[in-house]
Amino acid sequence: MNSNNKKMQITAFIFCMLIAGTVFGQNPIIRDQFTADPSARVFNGKIYVFPSHDIQAPDGKGLRNNWFCMEDYHVFSSENLTDWTDHGVIVSQYDAPWVDSTSYSMWAPDCIERNGKYYFYFPANTLGDGTNRRRGFGIGVAVADKPEGPYEPQPEPIKGIFGIDPNVLIDHDGQAYIYWSMRNIYVAKLKPNMLELDSEPQIIDNLPDKGLKEGPWVFEHNGIYYLTFPHVENNTERLEYAMGDNPLGPFKMKGVIMDESPTGCWTNHHSILEYNDQWYLFYHHNDYSPSFDKNRSVRADSLFFNEDGTIQKVKPTLRGVGAVSASKTIQVDRYSYKSENGANIELLDTLDTFKGWKTILNEDGAWVQFNTVDFGRKKLKKVQVSARSVTGALVQIRLNGTDGLLLSEVEIPESKEWKIVEAKLALFEKGVHDLMVNLKGDKQVEIDWVRFSK
Ligand code: FUB
């Protein structure tokens, strides 16, 4: 990207943040339950995320031990990519008569709007009554008048589909297509009622032969149709894509959107969408469940195209998207950058991972940087740091670089307990800045969050 484009992008980003109000984005985006396989959509000016809802398997329940276990779906919405509203359960395995309600197999869903109705597509294990239905995965549809529901499931799964991971595209001419996976990736036309196939399913070819492919997500941008999907090229799933000029293909493989997880989470599953002139990738990682990768969490990061329409690789971040209000608790453990030495991140409580993480600084000059904090326009005079230090420590709060403006020096007293320590700000800078937290001296300090106030 040339520097003019970059400047325009940063200006557009800050403008969007100002009109959207202060936001609080970080990864994972949902912090009180497991969420996976996010299908993100823009409906009525808001982003809605329809994820799978991983749970820990109740004893003896589910398809098999140590496997995916999902009983229902929630939907979440946000106007600023930061504050997410959980609208509760929209469909569960007990709601659709064709679903085997002992299978806990409500896998990756999708939702799309047509003529004011919302069509929620979900895979699940069928009861297999020996007639029309086949035991194994089918795909059902539930219909609502609003994205939040209530949704009314159809009595039967879609005839002609045996598979998982539905995804629906409505093209400019009004024709709807449904994609799904079952070893291969399939596509078929949907009738205008969005409930029945209007063509024979066809396998999308020219995709990698070896290694599992699943989770198709198809979208159009500047006349190019992108077929994106997780694929196991080596050890675990990475996100790949192909481009074509028709929703039915042919598609030509183009490359990798996101590499394999460096920590071994076996699945990845994603969606891609544009919101307020910025493209985003929603995907998942097992943040809150480091030792069991079937309990996953949804993340979001920005995505960029090259001028020829190819997609730039997305590097997963902890920082995520959106600006953070300086007066909210800033979780600096979701850092943008950190010093190579003396800065580590650990869970606050390994038995209750939803409590989140802490930053440990234990070397003179160790630091973490948390980008895009919105200090607003009204003067803030104090900073609070939630910290614990068995040695006692001096922490510097700076803006825009380790040698940037020094806002405050905070003395963390020697203590085994967590304390909220308050200090005055030497100066105030309005607007959006990158926050630095530096350790001064060879001491040790654990930091949970930082917050500014009047
Ligand atoms: O969540 C269950 C399955 O794991 C999904 O259907 C796949 O895409 C993978 O993410």
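So, R296 first: an N or O atom in its side chain sits 2.7 Å from an oxygen atom of the ligand, and we call that a polar contact, meaning a pair of N or O atoms within 3.5 Å. Taken alone, the ligand exposes 280 Å², and the protein buries 100% of that; those areas are Shrake-Rupley with a 1.4 Å probe.

Quick caveat before I go on. This is a predicted model, where local features need pLDDT of at least 70 and side-chain atom pairs count only at pLDDT 80 or more, while totals for chains, interfaces and linings use all residues. Numbering runs from 1 along each chain as its sequence is written, and side-chain values use heavy atoms, with hydrogens and water left out.

You've got D37, F68, M70, W107, A108, D165, E214, T267, H269, H284 and R296. That splits into four nonpolar, three polar and four charged. In this scheme Ala, Met, Phe and Trp are among the nonpolar ones, Asp, Glu and Arg among the charged.

On to rings. There are 25 aromatic pairs in the whole structure, with Phe, Tyr and Trp rings (six-membered ring for Trp) pairing if their centres lie within 6.5 Å; under 30 degrees between planes is stacked, over 60 is edge-to-face, the rest tilted. Take F43 and Y48: centres 5.8 Å apart, planes at 40°, so that pair is tilted. Are they buried or exposed? F43 is buried at 6% relative accessible area, and Y48 is buried at 2%; buried means under 20%. Back in the shell, F68 and W107 pair edge-to-face, 5.1 Å centre to centre with 65° between the planes.

Last, confidence. pLDDT is the predictor's confidence per residue, 0 to 100; the chain's mean is 93, and 93% of residues reach 70 or more. Over residues 1-24 pLDDT stays under 50.

Technical notes. Contact = heavy atoms within 4.5 Å. Near = heavy atom within 4 Å. Polar contact = N/O pair within 3.5 Å; in protein donor to acceptor, adjacent residues only side chain to side chain. Buried < 20%, exposed > 50% of the residue type's maximum accessible area, 1.4 Å probe, protein only.
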